[in-house]
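Biologist: Can you walk me through this one? I'd like to start with the pockets.

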Amino acid sequence: MKTGIATVSISGTLEEKIEAIAAAGFSGIEIFEQDFIADDRSPREVAARVREAGLDLMLFQPFRDFEGLPAPLRARAFDRAERKFDLMQELGCDLMLVCSSVHPEAMGGIDRAAQDFAELGERAARRGLRIGYEALAWGRHVNDHRDAWEVVRRADHPSIGLILDSFHTLARRIDPDTIRRIPGDRIFFVQLADAPAIEMDLLYWSRHFRNMPGEGDLDITGFMRAVMATGYAGPISLEIFNDQFRGGPSRTIAGDGYRSLVALMDDVRRAEPEAHVDLPTFPARTTVEGTAFLEFAAQGEDKSALERLLATLGFRRTASHVSKSLTLWTQGKIRIAVNAETTGHAHSAWVARGTTVCDIGLNVSSAAETLARAQALGAESFRQPLGPGQLDIPAIRGLGGSVLHFLDQTSGLADVWSVEFQAQEDDPAPDAGLLHVDHIAQTMSYDEMLSWSLFYTTLFDMHKTPMVDVIDPDGLVRSQALSSPDGRFRITLNGAETHRTLAGGFLAESFGASVQHVAFATGDIFATATTLSTVGFEALPIPSNYYADLAARFDLDVGLLDRMRAANILFDVDEHGAFFQLYSRPFAGGMFFEVLQREGGAYAGYGAPNAPFRIAAQKRLMRPKGIPRIKREIERKKPSDI
């Protein structure tokens with residue numbers, strides 16, 4: 001499968017773009033005219049550099065406002081085209097994109113446009129070049145791929161073909177199945193872009209909000225199924241206009257683009273088995289069956305403080321690793337490992353970030369297949385030296401330098417707890433009724449959210465909820481939840497735009513740690529709260545104003561309201577059921593735990609209406625604004641550790 005990306009899709013100079021596109025694994029490149037003009041190399045030098053990087057020059061674009069012009073503008077349009085043909089021949093690129101005209105003097109008429117393209121095709125053929133015609137969604141007379149195809153069909157020239165762009169079709173809500181009627185050999189090139197569902201001017205939407213397939217809301221899979229059903233066998237390329245991407249790291253954006261294309265075409269071949277997709281075979285999306293473990297890196301007093309907090313949540317220290325400074329704390333189906341090693345990944349994570357979740361273990365249907373899919377999508381594998389008797393558990397790099405390990409039942413990897421750990425007697429603590437990990441909340445900069453949403457949804461069978469705005473007293477945090485179909489694995493991605501927010505402050509304090517909070521499920525939050533109060537748990541204090549507002553908003557029993565107030569429990573409800581939340585106080589620079597109850601297991605949200613009040617309560621307990629952080633003990637950052 002030939003994959004490409006337009007240089008306009010990523011940031012940087014043309015040289016930086018070429019390097020990033022090649023590193024991501026693309027087959028070729030679309031040279032956007034502006035990128036070429038801004039470069040100081042000759043056409044032949046640019047062409048040589050592209051091919052030196054292992055890339056094909058697939059397309060030169062765009063050539064604007066060509067068809068339907070009156071004299072003398074028509075003659076000048078052909079003169080312009082001849083000049084671009086000169087350039088293309090020096091570049092060694094044989095295909096040029098001509099987008100439908102938006103010129104104010106352009107005249108309509110399919111036959112008139114077809115005549116112009118027939119003549120242009122003749123001129124291009126004399127030079128061994130080809131022309132692809134694309135219908136812009138905002139074109140003056142041609143804004144539908146069906147009309148563009150009719151122009152190409154009537155031009156009836158072998159050097160004139162159609163270029164399809166998913167955005168221009170789907171943004172206008174044109175049925176993509178109409179593409180199935182077009183002969184595949186008359187489609188010269190296919191460009192892809194997704195976009196969030198926003199009602200706005202088409203041109204502005206296109207120029208600022210396109211994103212990678214799978215990052216938006218358009219039916220890109222349906223579009224490509226229709227394209228492949230025609231027998232199309234040419235390049236599949238990305239053309240993304242996005243303000244966020246223009247300022248992002250070029251290699252990350254290019255890597256996301258390649259991942260999105262591979263995942264998309266894997267979906268297409270599974271949904272359209274008759275279509276030929278030239279892509280190596282790899283496993284389907286993995287089913288995540290739950291969180292197997294969470295591993296914290298912590299040492300010294302940090303470790304002691306974390307363990308005291310776990311004890312007040314009803315966790316018991318039940319095992320220790322046979323060869324590592326690693327203890328296991330359990331309750332219900334929850335496993336929390338506390339790693340105090342002085343070498344290896346956990347130590348590096350602690351040196352860099354202090355107490356942090358350095359490793360997340362996931363129960364999956366097949367660990368080997370999960371790793372194989374991750375590698376096919378460009379994920380970075382993770383390994384470190386194994387000690388005697390340790391299991392080789394597949395793993396990849398995750399957000400913020402963390403690691404994701406994959407365990408399954410069939411391979412014996414789930415036996416790691418009996419193979420690598422020895423049971424340890426501990427003072428019995430009252431079980432607080434915590435059952436399993438409900439969800440993990442990862443914090444990142446807002447610019448990273450699309451990237452990590454794509455990471456999870458292309459690797460695992462997960463659904464996205466619409467992005468929501470979380471109001472912090474000092475700014476805005478955007479949040480998006482991802483969930484497996486059965487809800488056994490949930491993760492929320494929280495994007496911070498300023499360090500003044502709680503989420504942004506956590507990123508700054510932890511130097512980019514990933515997990516800010518973990519939510520545990522209970523079947524009876526009031527019984528859990530009662531037990532926790534007996535073992536010293538300090539709940540996040542919630543002001544009386546909150547409960548007065550609850551009384552006004554909901555028809556709640558007075559006794560229930562009093563119980564919530566006494567235990568600092570928050571409340572929400574949706575059409576499926578009620579939801580209760582209880583929070584720990586912040587620790588380790590802004591981390592916290594949550595205990596929740598989804599009444600009947602039906603409530604689907606995460607208590608977003610309560611977030612502003614929870615955040616305000618947490619901030620009251622943290623370091624006041626303007627007061628610098630006292631540095632941690634100097635030995636944590638010895639030169640030998642950096």
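Modeller: First, the term: a pocket is an open set of grid points with protein on both sides within 12 Å along at least five of seven lines. Note that this is a predicted model.

Biologist: Fine. How much space lies in the second largest pocket?

Modeller: About 660 Å³.

Biologist: Which residues lie nearest its centre?

Modeller: Val468, Ser479, Thr492, Tyr606 and Ala608. The lining of this second largest pocket has 37 residues.

Biologist: Which strand gives the most to that lining?

Modeller: Strand S20, residues 475-483, with five residues.

Biologist: And how does the lining split by class?

Modeller: It has 18 nonpolar, 14 polar and five charged residues.

Biologist: New topic. What do strands S1 to S8 form?

Modeller: A closed barrel of eight strands, in the order S1-S2-S3-S4-S5-S6-S7-S8, with parallel pairing. Neighbouring strands there are turned by 30° against each other on average, ignoring direction.

Biologist: How many bridges join S4 to S5?

Modeller: Five, between S4 (residues 95-99) and S5 (residues 130-134). Leu97 stands opposite Gly132 in S5.

Biologist: What does helix H9 touch on the sheet?

Modeller: H9, residues 220-229, touches strands S6, S7 and S8. Its direction makes about 170° with that of S7.

Biologist: Now aromatics. How many pairs turn up in the whole structure?

Modeller: The search finds 26 aromatic pairs.

Conventions. Residues numbered from 1 in each chain as written. Predicted model: local features only at pLDDT ≥ 70, side-chain atom pairs only at ≥ 80, totals over all residues. Heavy atoms only, no water. 1 Å grid on protein atoms, 1.4 Å probe; cavity = no way out; pocket = protein on both sides within 12 Å on 5 of 7 lines; lining within 4 Å. Points joined across faces, edges and corners; volume = space filled by probe spheres on them. Helix = DSSP H or I, 4+ residues; strand = E, 2+ residues; numbered from the N terminus. Nonpolar A, V, L, I, M, F, W, Y, C, P; charged D, E, K, R; others polar. Pairing = 2+ DSSP bridges. Axes fitted to C-alpha atoms, helices over the stretch in contact; angles between N-to-C directions. Contact = heavy atoms within 4.5 Å. Phe/Tyr/Trp six-rings, centres within 6.5 Å; stacked < 30°, edge-to-face > 60°.
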